[in-house]
Amino acid sequence: MRIFVLLFNARTENEGIHTIQMGDRNKVFMFESEDDATRFGVLLEAQDFPTPTVEEFDQEEILEFCRGVDYDWEVVPAGALTIPPEHNVENTDWQLEPDQTSEKTETDLDKIRRQLEGLL
């Protein structure tokens, strides 16, 4: 099944997938409809997020990625009105200060980067 996800900095070294943080967990939304994903991206922009890119993937690729980085996921059915939370994290993973990223080793970041590259 083909699904749509939101990427920031698509096709760059600093590419990231949009997640919703729920407690200490991250969740990836996999939209069945490109229009719904685009609408969600516009709502994010209205909250001062950078402009996301809607990308189509095979659902199994995103599931494999989520399992690999221990993210939760949710398939958003076509026509469902999904709205971003009112409160956002202060700094996204790509905006963290160097001392805040000390928990992630270079090996972890390389692993995540390879997984994202594999999705493309």
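Which loop holds N9? N9 sits in the loop between β1 (2–8) and β2 (16–17).

## Basis of the model

The model is predicted: local features need pLDDT of at least 70, side-chain atom pairs count only at pLDDT 80 or more, and totals for chains, interfaces and linings use all residues. Residues are numbered from 1 along each chain as its sequence is written, and side-chain values use heavy atoms, with hydrogens and water left out.

## Overall fold

The chain contains 3 helices and 6 strands; these are DSSP runs, numbered from the N terminus, with helices being H or I of at least four residues and strands being E of at least two. In sequence order the pattern is β-β-β-β-α-β-α-β-α.

Of the 120 residues, 34% count as buried. Buried means under 20% relative accessible area, exposed over 50%, and partly exposed in between, with a 1.4 Å probe and protein chains only. The chain exposes about 7600 Å², of which carbon and sulfur atoms supply 46%; accessible areas come from the Shrake-Rupley method with a 1.4 Å probe, and for residues only the protein chains shown count as cover. Among contacts (heavy atoms within 4.5 Å) between residues at least 6 apart in sequence, 75% join residues at least 24 apart.

## Loop residues with positive phi

Most residues other than glycine have a negative phi. N9 has a positive phi, near 55°, and is partly exposed at a relative accessible area of 32%.

D70 also has a positive phi, near 60°. D70 lies in the loop between α2 (59–69) and β6 (72–76), and counts as exposed because its relative accessible area is 51%.

## K27 in strand β4

K27 belongs to strand β4 (residues 25–31). K27 counts as buried because its relative accessibility is 17%.

Leaving aside residues up to four places away in sequence, K27 touches H18, T19, I20, M22, D72, W73 and E74. The side chains of K27 and E74 are joined by a polar contact of 3.0 Å. A polar contact is a pair of N or O atoms within 3.5 Å; within protein, one must be able to donate a hydrogen and the other to accept it, and residues adjacent in sequence count only if both atoms are side-chain atoms.

Q47 is in the loop between α1 (34–46) and β5 (53–58), and its relative accessibility of 26% makes Q47 partly exposed. A polar atom of the Q47 side chain lies 3.1 Å from the backbone oxygen of P85.
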